[in-house]
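Dear colleague,

Please find below the structure that I am handing over to you, followed by an account of what was found in it.

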Amino acid sequence: MTKFLLYISVLFLIFCDVKGQTSNVAGQKVETWKNSELFANTAISLAVCDARTGEILIKSEPQLSLVPASIFKVVTTATALEVFGPDYRFKTVLAYSGSIKNDTLWGNLLIIGGGDPTLGSDYFPGTKSFTDDWAKSLKMAKIRVVTGKLIVDSSVYEKIQAPGTWAWEDLGSYYGAAPSGVSVYDNLFEIHMSSPSVADQPAKIRSVKPEIPGLEIRSEVLSSDINSDQSYIFGNPEDNRRVIRGTIPKGESNFTVKASMPDPAVVLSFIFRQKIRKSGIEILGTTAYERATIGYSVVKETFSPPLSEIIRITNFESVNLFAEHLLKHLAWQKNGIGTTKDGCQFVTDFWKEKGMPMNGFFMTDGSGLSRFDAITTGQMCWILNYMNAKSSNTELFIKSLPAAGWGTLTAFDPEKFPNNCLRAKSGSMTRVRCYAGYLKTDSGKNLSFAVMLNNFSCTMKEATQNIQDLLVEFRKL
């Protein structure tokens, strides 16, 4: 009966005169959902617009300010694309202070971070060889011995890595990797574990990759009959202590759990020292984490892939780390230092100056991982409409959003959205499911839409299925 009422409500919503009866139809739909077992206690908001004119065609409480989860990345990536342009590249500099005599650098070797989130990233395999490139550049500069220190400068961003509103249970996990002025390997490390062949027995840590100096891990993980990763990692950024709890499948010889890196600058310096030592280059001094002095000489500049590619991966794979880097970098280009707070203020001011109504817009991070974030479906559609009708980066932005069956839209059936007619960002966390993007209808209309559900009692699968069914009906407009 619940599914039947929902289906009738959707049909009524779609085939009514949407201009004349929008409020009544939307009201009936919301009431139907709220009277069902699925969404009886759910905050529901949706907006569907003409993507060219911005005209709202269908709406249901689009003024509600709700938790967006990862569709908030649409806001961050759109802003970064407009401000920096698609060809912008982050830069990391290998340099030195002092002078080179014979094969000896009488001075310090410097790694000056520029906020590049892609250095050594699994998402960009071409960046993996950066330490080899640096070692070759030092040899070309005829440096075999460094008498001074290795200085790692990550001052482009604030010292505090993670946004203060992230949940404790997220900070140690792979998706809670925090941005840093010097980032490496997606700011992640792998914990390789083995588990007994029977359930409810302690699992063992076999190795950690990459090696992290001073890392302490206490494992409370048990083997389980459940054939999936049910482990949770707890720990603060910049704290080398980690606790891993929960379960992994039984009978595993090399099960991998990914965790957030305590301090990426420390890992980078450690790995770099190992690399150049193997190349016959020795640094006699210690490692310092401080601002580099003015007047250095450049050995090698390492550039990230273009921003358009970073944004595509951010939206396609929903990479929190990349979104947080973009947010801090927006603050850096204005104030000379990247902070989460100033980045949020920059984004807020940017869209306010464009004319977007800002009531109900609350930004505390760039990725949507924080439950303190809030936006309305009306505002989300406003940004989508702007990027479609007024941006010079329209095609790049739309293609950064996955189509049905790909990226974070793997739960959607591509046969129901043929010819990539759907391009959207998903967002999910406990009791939150949201989608925002573009939809081309069977009649050739280009729509922007946002659907947000907060605090539903059904499963995530049921919420996703209901939203997919709704979008299928919108496709028939």
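In helix 4 (residues 130-140), the buried residues are Phe130, Thr131, Trp134, Ala135, Ser137 and Leu138. Because these residues cover an arc of only 160° around the axis, they lie on the same side of helix 4; the arc is that of the directions from the helix axis to the C-beta atoms. Lys136 and Met140, on the other side of helix 4, are exposed. Buried means under 20% relative accessible area, exposed over 50%, and partly exposed in between (1.4 Å probe, protein chains only). Helices (H or I, at least four residues) and strands (E, at least two) are DSSP runs, numbered from the N terminus.

This is a predicted model, in which local features need pLDDT of at least 70, side-chain atom pairs count only at pLDDT 80 or more, and totals for chains, interfaces and linings use all residues. Residues are numbered from 1 along each chain as its sequence is written, and side-chain values use heavy atoms, with hydrogens and water left out.

The cover over the buried residues of helix 4 includes strand 3 (91-101), strand 4 (104-112), helix 6 (264-278) and strand 15 (297-303), where contact means heavy atoms within 4.5 Å. Just after helix 4, Lys142 has a positive phi of about 65°.

Strand 7 (residues 188-194) is largely enclosed by the rest of the structure, because 6 of its 7 residues are buried. Strand 7 pairs in the antiparallel sense with strand 12 (residues 255-260) over 6 bridges, and Glu190 has Lys258 in strand 12 as its bridge partner. Strand 7 also pairs in the antiparallel sense with strand 8 (residues 204-209), over 5 bridges, and there His192 stands opposite Ser207. Two strands pair if DSSP finds at least two bridges between them.

Yours sincerely
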